[in-house]
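Have the sequence and the structure open as you read.

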Amino acid sequence: MAPTHPFRFALTALALTAAGPAFAVTELQWWHAMTGANNDAVNRLAEEFNASQPDYKIVPAYKGNYGETLNAGIAAFRAGTAPHIMQVFEVGTATMMAAKGAVKPVYQLMKDAGEPFDPKAYLPAITGYYSTSSGDMLSFPFNSSSMVMWVNKDALKTIGLDEAPKTWPEVFEAAKKLRANGFPNCGFSNTWVSWAHLEQLSAWHNVPLATRANGLDGFDTTLELNGPLQVKHLANLAEAQKDKTFDYSGRYDNGFGRFTAGECPIMLGSSGSYGNVRGSAKFAWASAPLPYYPDAPGAPQNSIIGGASLWVMGGKKPDEYKGVAKFFAFLSDTDRQAKLHQTTGYMPITKAAYEKTKAEGFYEKNPALEVPVKELTNKPPTENSRGLRLGNMPQMRDVWAEEIEAALAGKKTAKQALDEAATRGNAILRQFERQVAK
Amino acid sequence: MDNRVVFGGWRLPLALLLPQLLIVGVFFYWPASQAVWQSFLSQDAFGLSTEFVGIANYRALFDDPAYYASLGLTFLFAAAVAGLSLSAALLLAAMADREIRGSGIYRTLLIWPYAVAPAVAGVLFGFLFQPSLGMVARGLRDLGIPWNPLLDGDHALILVVLASAWKQISYNFLFFLAGLQAIPASVIEAAAIDGAGPARRFWTIVFPLLSPTTFFLLVVNVVYAFFETFGVIDTLTHGGPGRSTQTLVYKVYLDGRLGADLGGSAAQSVVLMVIVIALTAIQFRYVERKVAY
């Protein structure tokens with residue numbers, strides 16, 4: 001047998017040499033939380049990028065919903081196996097920002113890699129959420145949505161309305177009529193309860209949710225969500241809940257099916273539900289801007305975004321960072337952005353992509369996709385409407401939802417519930433501040 | 001009579017024990033000791049900064065009224081789940097133990113739900129009791145009951161208790177059935193000849209003879225209700241509405257994973273561990289005395 005050894009050795013050596021170029025491809029892990037049509041979009045982006053250049057290979061991996069993806073990323077970082085790119089929902093922003101050393105800021109990444117990068121090319125209402133107060137972009141906006149009011153136009157017609165109601169008093173009135181006219185269980189409802197009735201409500205009416213520009217200017221922020229406007233609105237909701245003029249549909253977005261199934265004729269929900277509505281609603285539908293209280297000064301202001309951005313994890317090799325930077329430049333391409341916007345329903349992140357889509361006449365055929373963009377850019381953002389950045393936000397939202405539920409169930413008054421939400425939320429903020437201040 | 005096996009020397013017994021000791025060490029003692037250590041620390045989510053804070057996490061825990069509420073709720077929940085699943089399983093086992101046609105099929109079918117994961121059980125019950133679409137919920141509404149677990153805390157608690165108990169009935173059924181079959185038929189037949197009716201036979205003969213099984217199941221069910229019902233709660237109610245289904249184990253998750261408060265969450269785990277150890281010890285010390293082996 002001995003004589004075969006040199007031969008085998010030679011073969012192995014040959015194989016290694018032949019495989020050489022393949023080894024030079026740098027793999028970049030991208031963990032995301034996209035399902036269905038959006039998952040296909042992610043995979044297509046990766047394929048196109050991989051085909052566009054020979055040096056890098058983006059490897060997308062689905063890691064569960066937003067919360068699970070964030071937890072998986074954190075656990076992987078602690079174990080030293082973090083991915084290169086991680087999709088993190090907007091409420092995880094404070095957590096990621098505070099993790100200095102665990103993340104590589106995007107502006108730094110683009111500068112180091114020498115890739116063309118103009119932060120002004122992006123819609124400020126979106127990048128504001130993911131930038132420091134001095135305007136340095138920390139993460140790369142990927143899929144952004146906002147909250148809109150989805151309406152069942154057939155149902156509105158039965159009560160003599162051709163257009164969606166514009167103000168909150170009109171919404172309550174319409175819902176009352178709808179409840180008496182074929183929708184006994186639900187006049188109107190919403191998904192993501194704290195996003196709808198605290199976060200968007202506050203920004204849309206230009207009142208603060210928290211001090212320090214809702215936390216964007218520092219972690220030493222305290223909650224102010226128990227102001228007169230928020231209390232009044234919650235009291236109205238609790239009153240309407242009694243006879244199901246308003247009917248609560250849970251904390252997250254599981255209740256959205258009540259709209260598409262025709263049970264709730266008016267539903268506040270994510271603009272990202274576009275594909276879902278288009279696919280399953282068996283009635284004439286439309287999306288409309290969020291309602292406002294006409295007696296609130298300056299309302300409507302502008303809405304804030306939801307969705308997610310891409311964070312680059314720290315501690316990787318310079319060559320890998322170069323690949324990530326190339327990928328982000330690839331994503332920012334106007335045609336690609338416009339196409340992504342038109343197929344997924346998420347917002348365009350660059351001004352050019354928005355203008356292009358508009359110029360193509362796309363919105364005339366698909367007005368629902370322009371509503372969130374218009375809401376977001378309705379007025380130049382103020383301290384109260386630039387966005388929000390609160391520590392441990394996923395838990396915070398649960399605490400707020402608990403208190404809202406108590407008010408809707410009639411166990412507490414609106415004022416008591418929001419006072420308690422502020423007190424408990426502030427405790428979470430102080431604990432977060434203590435953890436990250438070191 | 002001494003029926004103990006005596007080994008000559010300690011090498012063989014040690015070698016025989018070693019695999020089990022290793023498993024217990026790696027999968028129980030090591031993580032448990034990590035939890036104890038973590039409970040004295042304050043750490044950010046990424047583990048970038050760590051500070052030893054002594055008993056601050058425990059102090060914060062015992063100063064929090066919500067924690068006591070959760071504690072009380074957990075005991076209520078465990079009692080309801082154990083009570084409901086034990087009594088339902090006993091009833092089913094007593095019925096299936098009789099000489100009936102096709103008893104094998106009944107028995108097999110009754111054991112099936114045990115193969116269902118808690119989270120799946122949660123989703124199933126979620127469908128059945130979904131206020132607007134669920135079959136059971138519609139029936140309730142037709143009866144005039146304003147069923148709404150999204151806002152009514154009592155409804156939500158009933159829902160998670162039902163789902164958790166249903167999931168455990170099969171397991172209990174299996175053990176009860178085995179226990180019933182181990183009771184000699186001659187004893188029951190003798191009682192029947194003496195004129196004792198079915199109810200009397202059950203309570204004076206069967207139930208006492210079944211007590212070792214019942215006791216074992218009680219311990220298992222309480223531990224189940226404390227720890228393994230997480231999936232049911234997470235899929236059905238997320239601890240809500242308000243905090244009405246936030247049991248201790250769910251609170252550990254909320255504060256640790258969502259709240260990124262690993263120290264506080266670890267302190268809760270340690271307290272939870274102590275509670276369950278104490279409960280089990282009490283059960284063995286007092287309840288076991290009443291058990292006739």
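## A helix pair in chain B

Before looking at the packing, a word on angles: under 35 degrees counts as roughly parallel, over 145 as roughly antiparallel, 65 to 115 as roughly perpendicular, and the rest as oblique. Keep in mind, too, that this is a predicted model.

Now take helix α3 (residues 65–96) of chain B and helix α7 (residues 153–181) of chain B. Their axes come within 7 Å and cross at roughly 45 degrees, so α3(B) and α7(B) are oblique to each other. As for handedness, the crossing of α3(B) past α7(B) is right-handed. What sort of residues make up the contact of α3(B) with α7(B)? Count 19 nonpolar and 4 polar ones, with no charged residues.

## Where the chains meet

The contact between the chains draws 32 residues from chain A and 23 residues from chain B. On the chain B side, helix α12 (residues 248–258) of chain B gives the most, with 3 residues. By class, that side of chain B splits into 9 nonpolar, 8 polar and 6 charged residues.

Chain A comes out with a mean pLDDT of 90, and 94% of its residues reach 70 or more. Among its elements, helix α11 (residues 228–242) of chain A has the highest mean pLDDT, at 97, while helix α1 (residues 4–23) of chain A has the lowest, at 47.

Over residues 9–22 of chain A, the pLDDT is below 50. Beyond near neighbours in sequence, this stretch of chain A has 0 contacts in the model.

Key
Residues numbered from 1 in each chain as written. Chains lettered and ligands numbered in written order. Predicted model: local features only at pLDDT ≥ 70, side-chain atom pairs only at ≥ 80, totals over all residues. pLDDT = per-residue confidence, 0-100. Helix = DSSP H or I, 4+ residues; strand = E, 2+ residues; numbered from the N terminus. Contact = placed C-beta atoms within 7 Å. Nonpolar A, V, L, I, M, F, W, Y, C, P; charged D, E, K, R; others polar. Axes fitted to C-alpha atoms, helices over the stretch in contact; angles between N-to-C directions. Left-handed = near helix turned anticlockwise from the far one by under 90°.
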